[in-house]
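I opened the model to look up rings and metal sites. My notes follow.

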Amino acid sequence: MHIVEILTWGSQKQNKEKNNLKHKREKWTTGEESIEGRTTRQTRIKDSGCGRSSGRESAKPRRRKSQKKGRVGSFLHKTSDRQHRERRVFVAAAAMDSEDYMYDSDAEETTYDDDDLYYYSDKEEENIAVGDDDDESRRNKKAKQSYIVLKESDIQQRQENDITEVSNVLSISKAAATVLLLNYNWRACDVQDEWFADEERIRKKVGLFEKPVFLLPNKLGKVELTCSICYENVRVSMMGWVSCGHPFCRECWEKYVSVAIEDGVGCLTLRCPEHRCNAVVDRDSIDLFAKKEDKERYLQYLIRSYIESNKRYKWCPGADCEYTVEFCEGGDDECYDVCCHCNNGFCWNCMDDAHRPVDCETVAKWQLKNSSEAENTAWLLVNTKPCPKCGKAIEKNQGCMHMTCRKPCGHEFCWMCLGTWKEHGERTGGFYACNTFQKNEAEGKYNEDEDIRKRAEKHLEKYTHYYERWAGNESSRKQAVKDLKQMQNDYMVRLSDLRGATDAELKFITDAWLQIIECRRVLKWTYAYGYYLPEDGDKKEKSKKGFFEYLQGEAESNLERLHHCIEKDIHNYLNKERPEEEFKNFRAKLSSLTTVTGNYFENLVKALENGLEDTSSQEACSSQEASSKIKSRTSKKGRKDYG
Amino acid sequence: MQASRARLFKEYKEVQREKTADPDIQLACDDSNIFKWTALIKGPSETPYEGGVFQLAFAVPEQYPLQPPQVRFLTKIFHPNVHFKTGEICLDILKNAWSPAWTLQSVCRAIIALMAHPEPDSPLNCDSGNLLRSGDIRGFQSMAKMYTRLAAMPKKG
Ligand SMILES: [Zn+2]
Ligand SMILES: [Zn+2]
Ligand SMILES: [Zn+2]
Ligand SMILES: [Zn+2]
Ligand SMILES: [Zn+2]
Ligand SMILES: [Zn+2]
Ligand SMILES: [Zn+2]
């Protein structure tokens, strides 16, 4: 008898797991928020609707940090050179060929002696020779990136350059140049155009006064003035002012600036505290008046403004990541996957996790599906029925139709016909087949609700199948990220102590792990891909699906092999003093496995991105044929291009 | 906290000293709490509020004067920028245009100015805003006058 669960309709236990995986993205609002911090009619109108809220912004200048971490493998980088790409496909296929040579059915047991390895690499070299002699660029799969990862200091440097340029051209202070750039979304040419067209108007607009409007007494020394914030009489020498000349005591300035910085990005266009005074509080004044922590936050806002005003830059959404990615448009294929130095892979276009080979729309569709309330309801509908005695929703776990309601009810009934279980048994055709139901069906008394339920069930079964695997690969990927850290902090340290291996010599281990992480990511998305592949179509579509599943299965076992090799075999070299020779062999074996797996996955990604087009014309989908298909297809290509 | 107290105390002394300086405004501090103030303001002449006396309540934040006080009408008033039910006021200087150089006294002055010059484009009271925006000045004025008479003038008898 199987466990039966009571579910209240709200509890949705099963979906908790789903919700955890629900993409945690919240769009972090970008440059749209006006940096015109002060009063405008626009903001007033907005405010009035919601009453008193003054739209205080999160005090923390850093943007939201998501939990996501991951990596996009080096091969995901855009190659603008088509030929180059084709060649890579060809070589990858060649690698698959040779792999077939090496690892056949009992791949796990295969021992890799030198001959194998030499044979393998010989074969690869041959193919390279056929393809092109420039194997350096092939090996360096990074090829031509469509993006650059920038450190915060890089961005700061660029920002500083822009500021210096404007400051030089307009002969104004850097602080004033910063004010101008802030007002023109960091477009230096706009600043220059506007400035030279009408300097006076621009000065007024941005609040850079040429002459003070408040004239301080000539002899500053011991003169006291009333600070109109604290109402204390303060010596002028203890006061401060911006270009307008309105004096306030230093203490009040510090607080005034601090509150503004606390309030958010509006501090970048902070104005003089005087009534309706438009004079801007520039960077130099902040430097003069603000506390150290406030100054740091101010600079953060300044950088943030610079990045957010520029469409070429995006902040890496990785948790606590400091890097910025610059994307350079103009490649011929649309690949938005970006890999940050923090190993977080994300899609430049939709800012979700990197998702090749699936496109942004599919990702959005899939994520929506995973989070949709409707799906949950359908799940409940399919997996629960009310107990015929007490009416509580009962979840069917699996297996047979014999349901037992939770205590205190304890009613036993048949899931199929909702009849009392006591009446089931030999008479109804055995416990596993309720022929009450079958009879009804045969007699056409078949319940329509049951039909709907059935269909919903089928749909859900399919969804669950793909979802579980998608989520499973995601958690494996996360685990692999953790494992990599352990590998680096523990195993690699031990290896270098034990064997005196240099970091460069141990890099193959990191490479293998990064490859595993990347493969998990790709594999994960192939399940979203598979979910949307047409199912009940014509023969062509069926064969496509079959081929897809074959490729996916192969990918899985490739990855498994690599994973196994690094996870298990590495222990042999951690403790005992194995001969150096063996360690070298291990390195060679793992490196080549990494390459082979990487190539396979790269090939897979391309095949899926092409919509498995080449296969659709062909029919059968048995693994043998499919396998030869992908080989012949790619080698045909190879011949066409290089023969 | 200390700074806001000191500043409010100065404002309090100023108010005491110049009680007669502005006959349209009577500011008073709560006996037990320097962060609670009330004000009586006279409806500006040549407006539907003329002749009325309106009470305002101030709640002063600890960050004052770096942050603005919260002010609302205690007396019912029909005005496009005042919430009819709560008395909440929509005025830029009480929100993002606040300057620490403002005082409670000057806030009162700004509110009187707002009574004389409504801003129908940012209404908190949609009815009166609509009347004004649709150009029905007379309709608006008669409503505003009626409420002034009902709520802001001493009852006859
Ligand atoms: Zn059972
Ligand atoms: Zn001061
Ligand atoms: Zn000023
Ligand atoms: Zn990053
Ligand atoms: Zn995307
Ligand atoms: Zn029951
Ligand atoms: Zn039954």
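**Aromatic cluster**

I looked up the ring pairs and found that they link Trp366(A), Tyr463(A), Tyr466(A), Tyr467(A), Trp470(A), Trp525(A), Tyr527(A), Tyr531(A) and Tyr532(A) into a cluster. Rings of Phe, Tyr and Trp (its six-membered ring) pair if their centres lie within 6.5 Å; planes under 30 degrees apart are stacked, over 60 edge-to-face, the rest tilted.

This is a predicted model: local features need pLDDT of at least 70, side-chain atom pairs count only at pLDDT 80 or more, and totals for chains, interfaces and linings use all residues. Side-chain values use heavy atoms, without hydrogens and water; residues are numbered from 1 along each chain as its sequence is written, with chains lettered from A and ligands numbered from 1 in the order written.

I checked Trp366(A) and Trp470(A): they pair edge-to-face, at 5.9 Å centre to centre and 70° between the planes.

**Zinc site**

I listed the donors of the zinc ion (ligand 4): SG of Cys316(A), Cys321(A), Cys340(A) and Cys342(A), at 2.2 to 2.3 Å. Donors are N, O and S atoms within 2.8 Å of the metal (3.2 Å for Na, K and Ca); water is not among the atoms, so sites may look incomplete. I read their spacing in sequence as C-x4-C-x18-C-x1-C.
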